[in-house]
Each structure stands twice: as C-alpha cells, then as structure tokens.
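Morning, everyone. I'll go through one model today, a few residues at a time and then the wider picture.

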Amino acid sequence: MGGSSGSSPCASCKLLRRRCSKDCIFAPYFPPNDPHKFAIVHKVFGASNLSKMLQELPVNQRGDAVSSLVYEANARVRDPVYGCVGTISYLQNQVSELQLQLAAAQAEVLSMQMRQQKPHLVEQDMETSFHMAGDNFNSISHYIAVASNLSASVIQDPLKIESFST
Amino acid sequence: MSSFGRCAACKYLRRKCPQDCILAPYFPSSNPQRFACVHKIFGASNVTKMLQQVPEHLRAEAAECISYEAIARVQDPVYGCVGIITQLQQQIVQIHSEIMKTKGEMVAHHSAHPQHHTSPQQQGDPSQFISIHQQEQNNFQSDKHLSGNF
C-alpha cells in the first residue's frame with residue numbers, strides 16, 4: 001500500500017494542509033472520502049502522536065490500531081469525562097449481573113438433581129443442596145467481589161490494568 | 001503547587017509549574033509514569049484542552065479515565081481499551097450461553113420430573129425462562145449497540 005495516487009491527498013494531509021507523499025503513513029487508513037475519521041483522531045490524539053504510534057507497529061497491525069483509535073476518539077468526544085472507560089464499566093456490571101444469574105441457575109439445577117436422586121431424603125438433602133448451592137453462590141459472589149474490587153482499583157489506579165486485562 | 005515542587009506534568013515537560021497549573025491536581029509528582037503514558041498517547045496540549053472542556057468537579061474523573069486509556073494503549077498498542085471491551089463482550093456471550101444451557105437443563109428437568117416440584121419457585125411457568133431469555137437477549141443487543149461499530 002503506498003501513498004495517495006497523486007490525484008487526491010489523503011484526509012490527513014488535506015486537514016494538515018501538506019503534500020501527500022507516496023509513502024504517507026496515514027494515506028492507507030484515512031482516505032479522502034472520509035475526512036471526519038482523521039479529524040476526530042487528530043482532535044483527541046494529535047497527528048504527531050498518531051504517526052509515532054503507527055510507526056512503532058508492524059504494517060499488518062496498523063489497520064486494527066487505527067480502527068481502535070478511531071473508536072476511542074469517538075467515545076471520548078461523545079463522553080468527554082469517561083470516554084471508553086464508561087463502556088468498560090457498563091460491561092463489567094453486565095458481567096457481574098450475569099454471573100449472579102448463572103450462580104443462581106446452577107444452584108437451582110443442583111438442588112433439583114439432589115431431589116431427583118434421593119426423593120425419600122428430600123428434607124435432609126434439601127438442606128445439603130442449599131448449603132452446597134450457598135457455597136457455590138458464595139464462591140461466585142466472592143469471585144465477583146474480587147473482580148469488582150480489582151476493576152474498582154483499576155479505575156482508581158490504572159497502573160494495575162495489566163493484571164486486570166490478562 | 002509550585003511552592004511545594006513541580007507536578008509530574010511540568011517535571012516531565014521541564015517547565016515551571018504555575019500556581020494555577022491545570023494538570024497539577026491530577027498528575028502529582030509521586031506518579032511520574034502516569035503522566036508519561038498520557039503524554040505519549042494524547043500529548044500534554046490535548047490533555048490540557050480535554051480537561052479544560054470538562055467542568056472542574058469532573059476533572060479528576062476525566063483525568064483518571066484518560067490515564068486509564070493511555071496506560072491501556074501503552075500496554076496494548078494495537079487495541080488499547082478496545083481490547084478490554086472485546087474481552088468483556090466475549091465474556092458476556094460466554095456467560096449468557098452458560099445461563100441458557102443451565103436454564104435448558106432446568107426446563108428439561110421440569111418436563112422429565114414434574115412430580116418433583118417442591119417449592120413455589122420451581123412451579124413457575126417455563127415461559128418465565130423464555131421471558132428471562134428475551135430480556136437477556138435485549139440486554140446483550142443493547143451492549144452491542146453501546147460498544148459501537150468496532
């Protein structure tokens with residue numbers, strides 16, 4: 001992929017009002033027919049930072065990098081306080097809620113199986129199954145509490161993000 | 001701030017830290033790495049503009065989120081925060097699938113052993129599972145909508 005065809009500068013060179021060279025690093029990712037895409041990335045990250053980021057990446061990864069940067073830039077313009085982090089928080093809450101639902105459903109299945117296997121010992125096994133379901137629920141709840149604390153600490157201390165994201 | 005030393009931003013930029021430095025409250029000198037990441041990804045000028053555009057009582061949150069995004073991007077130069085969003089979406093799909101599978105087992109068990117209903121909850125109409133499933137599908141669709149077109 002080279003620079004512009006020579007007939008039309010890429011969106012970045014148009015915005016920056018400079019000559020679009022054949023090896024323009026932006027040209028493959030910011031075609032002239034979509035000026036908004038570069039404008040928003042430039043607004044949030046800056047052309048210079050963007051250029052350095054792309055130069056540090058292998059060519060085959062630059063397309064994805066540009067796409068994710070455009071996404072983040074759009075998120076930040078839409079929500080100048082939280083940006084993408086707002087979406088992350090929302091999804092984390094979704095995960096927590098679904099994990100609770102899963103724990104509850106699994107506990108219910110467990111108690112049904114216990115009742116089905118030993119119907120004559122319903123009363124004793126109901127108590128056992130509730131304890132086991134409670135243990136499952138508590139362990140899932142503990143996991144969620146740990147995950148919530150970890151994600152909360154990530155928001156408060158971004159330097160912990162590595163352990164969160166792996 | 002300047003009477004107690006420069007903030008991390010002004011130290012990094014090798015400039016005097018004025019009394020009204022907008023970055024000083026959010027980039028203390030005790031954490032130079034945080035500003036280094038922010039500067040690498042966004043640039044000091046852009047961060048200053050972003051914070052100026054936000055009401056003062058929200059600037060701490062904004063600075064926190066900007067730092068979070070910058071560090072995510074430094075750690076994952078291709079996907080940054082979007083990588084985290086993708087992981088969470090995949091996790092949601094997986095948990096949702098497990099819930100559906102578990103609820104399928106419940107419905108199957110109800111069908112196979114109708115005499116084992118011993119609690120009011122168990123005697124619920126199986127269609128409640130369908131309505132819960134629909135609600136979860138709606139939640140998932142709204143998640144995809146919020147996650148954008150990436």
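Predicted model: local features only at pLDDT ≥ 70, side-chain atom pairs only at ≥ 80, totals over all residues.

Start with Asn74(A). Asn74(A) is placed in helix H4 of chain A. Which residues does Asn74(A) touch, not counting those up to four places away in sequence? The answer is His36(A) and Ile40(A). Now look along the chain to Gln94(A). Asn74(A) and Gln94(A) are 20 residues apart in sequence. In space, C-alpha to C-alpha, they are 22 Å apart.

Next, Ser12(A). This residue sits in helix H1 of chain A. Is Ser12(A) buried or exposed? Ser12(A) is buried, at 0% relative accessibility. Ser12(A) and Pro32(A) are also 20 residues apart in sequence. Their C-alpha atoms are 8.0 Å apart. Setting aside neighbours within four places in sequence, Ser12(A) contacts Cys24(A), Phe26(A), Phe30(A) and Phe38(A).

The largest nonpolar core has 53 residues. Which of them touch the most other members? They are Phe26(A), Phe30(A) and Phe42(B). From chain A, helices H1 (11-16), H2 (35-44), H3 (47-55) and H4 each give two or more residues to this core. From chain B, the list is H1 (8-13), H2 (32-41), H3 (44-52) and H4. There is a second, separate core of 20 residues. Among its members are Ile88(A), Val95(A), Tyr68(B) and Ile84(B). As background, nonpolar side chains tend to be buried together in soluble globular proteins.

Stay with Phe26(A) for a moment. Beyond four places in sequence, its contacts include Cys10(A), Ser12(A), Arg18(A) and Phe38(A). Phe26(A) also contacts Ala47(A), Leu50(A), Ser51(A) and Leu54(A).

On to the two H4 helices. The axes of H4 (residues 59-78) of chain A and H4 (residues 59-75) of chain B come within 13 Å. They cross at roughly 175°. Angles over 145 degrees count as roughly antiparallel, so H4(A) is roughly antiparallel to H4(B). By class, this contact has four nonpolar, one polar and four charged residues. On the chain A side we find Ala65(A), Ser68(A), Leu69(A), Glu72(A) and Arg76(A). They meet Cys65(B), Ile66(B), Glu69(B) and Arg73(B).

Now some backbone. Most residues other than glycine have a negative phi. Arg17(A) has a positive phi of about 55° and is not a glycine. Arg17(A) lies in the loop between H1 and H2 of chain A. Arg17(A) is exposed, at 79% relative accessibility. Chain B has a case too: phi of Arg14(B) is near 55°. Arg14(B) lies in the loop between H1 and H2 of chain B. Arg14(B) is exposed, with a relative accessible area of 76%.

Last, chain A overall. How many helices and strands does it have? Seven helices and zero strands. Of its 166 residues, 43% count as buried. Its accessible surface comes to about 8800 Å², and 53% of that belongs to carbon and sulfur atoms. Among contacts between residues at least 6 apart in sequence, 44% join residues at least 24 apart.

Technical notes
Residues numbered from 1 in each chain as written. Chains lettered and ligands numbered in written order. Heavy atoms only, no water. Helix = DSSP H or I, 4+ residues; strand = E, 2+ residues; numbered from the N terminus. Buried < 20%, exposed > 50% of the residue type's maximum accessible area, 1.4 Å probe, protein only. Contact = heavy atoms within 4.5 Å. Areas by Shrake-Rupley, 256 points an atom, 1.4 Å probe, with all protein chains shown as cover. Axes fitted to C-alpha atoms, helices over the stretch in contact; angles between N-to-C directions. Parallel < 35°, antiparallel > 145°, perpendicular 65-115°, else oblique. Nonpolar A, V, L, I, M, F, W, Y, C, P; charged D, E, K, R; others polar. Core = buried A, V, L, I, M, F, W, Y, C linked by side-chain atoms within 4.5 Å.
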